[in-house]
Amino acid sequence: TDVVVSDWHGIDHIRSKKEKYKYDFYIDCTGFARLLISKLGAEWKSYSQYLKMKEAIVFPTPEMDEIPVWTLAKAMNAGWMFRIPTQGRTGNGYIFDSDYIDAEQAQKEVEAYLGEEINVAKNIKFDPGALDKPWIDNVCAVGLSANFVEPLEASSIGTSINQMFLLASRLVNYNQHTINRYNEEVNSIMDNIRDFIILHYITDRQDTPFWKERYISKNTLPDSLKQNLEMWKDRLPIKGDFVTKTDKVLFAEYNYIVCMYGLGLFNIENIKKQYEMFPPDAKNYAEQAWQNKLDA
């Protein structure tokens, strides 16, 4: 019911209707409400300049007769839809740009695609982004309290896990330098996620108003992604390109190679030239691995 801030150091205590809870450290897991960290002046860095999805509908459908071993992310008229098989049901959602359609239109589009009526369980509105400082004084925000982007690459749980690894190794005898380093590391994680999600929209698809207007050449890219794409169009990403403030980034060279290849962002002739410069042992290994994959 109340969060009481100390005059000298973060939060002094929190209150419920009946009790007072006083501790030396607090982890804010209150989701979008950010009940604790917001009391200490944390500011939200919106990614909406780059990531345009800001609304979603989620809905269950019956369990599939034959359960696939993958999840589906399908491009739709104004965003994309996920389908995740689980035991007893299938989880679904349509994440869309509400500048182009509303929740009712999204539902109708899904029903036309699936060929059946659906019951929307939740309608979620969000601003993609992250806190500038997830750790302030004696409070650390984790999960939805700290950051959120559209779940195109299922990054939320992974981010929370990495945050907790970082926090666990820094919590004992921390000082302001520790806090600053942690915030830099988490910001690196989020910049990495932001850039990788943006990458998925670099497409020349033009068949609906959303895709025509959101065509990435008309939008501003973050400098980090813009510079990397210029470098990578003529040679494959390498591990050294992802050296940041932390080794916990979720997406690195293999992720970018697959996605960029699918989107046609490589100059294939130059990539072939790069491949020809590999040592013979490396080429033999790659060719044998590829042949094994074909034989399987």
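Which residues of helix H6 (residues 253-262) are buried? In this predicted model, they are Glu253, Tyr256, Cys259 and Met260. Viewed down the axis of H6, these buried residues fall within an arc of 140 degrees, so they line one face of the helix. The spacing follows a general rule. An α-helix has 3.6 residues a turn, so residues three or four places apart point the same way.

What do the buried residues of H6 pack against? Their partners are helix H3 (176-199) and helix H5 (223-232). The other side of H6 holds exposed residues: Tyr254, Val258, Tyr261 and Gly262. Just after the helix comes Gly264, with a positive phi of about 70 degrees.

Now step back to the whole protein. Its secondary structure consists of eight helices and 14 strands. Along the principal axes, the C-alpha atoms fill a box of roughly 65 × 55 × 40 Å. The protein has 296 residues, and 42% of them count as buried.

The accessible surface is about 17,100 Å², and carbon and sulfur atoms account for 52% of it. The protein carries 34 positive and 42 negative charges.

Technical notes: Residues are numbered from 1 along each chain as its sequence is written. This is a predicted model: local features need pLDDT of at least 70, side-chain atom pairs count only at pLDDT 80 or more; totals for chains, interfaces and linings use all residues. Side-chain values use heavy atoms; hydrogens and water are left out. Buried means under 20% relative accessible area, exposed over 50%, partly exposed in between (1.4 Å probe, protein chains only). Helices (H or I, at least four residues) and strands (E, at least two) are DSSP runs, numbered from the N terminus. The arc is that of the directions from the helix axis to the C-beta atoms. Contact means heavy atoms within 4.5 Å. Accessible areas come from the Shrake-Rupley method with a 1.4 Å probe; for residues, only the protein chains shown count as cover. Lys and Arg count as positive and Asp and Glu as negative; His and the chain ends are not counted. The place of a charge is taken as NZ of Lys, CZ of Arg, CG of Asp or CD of Glu.
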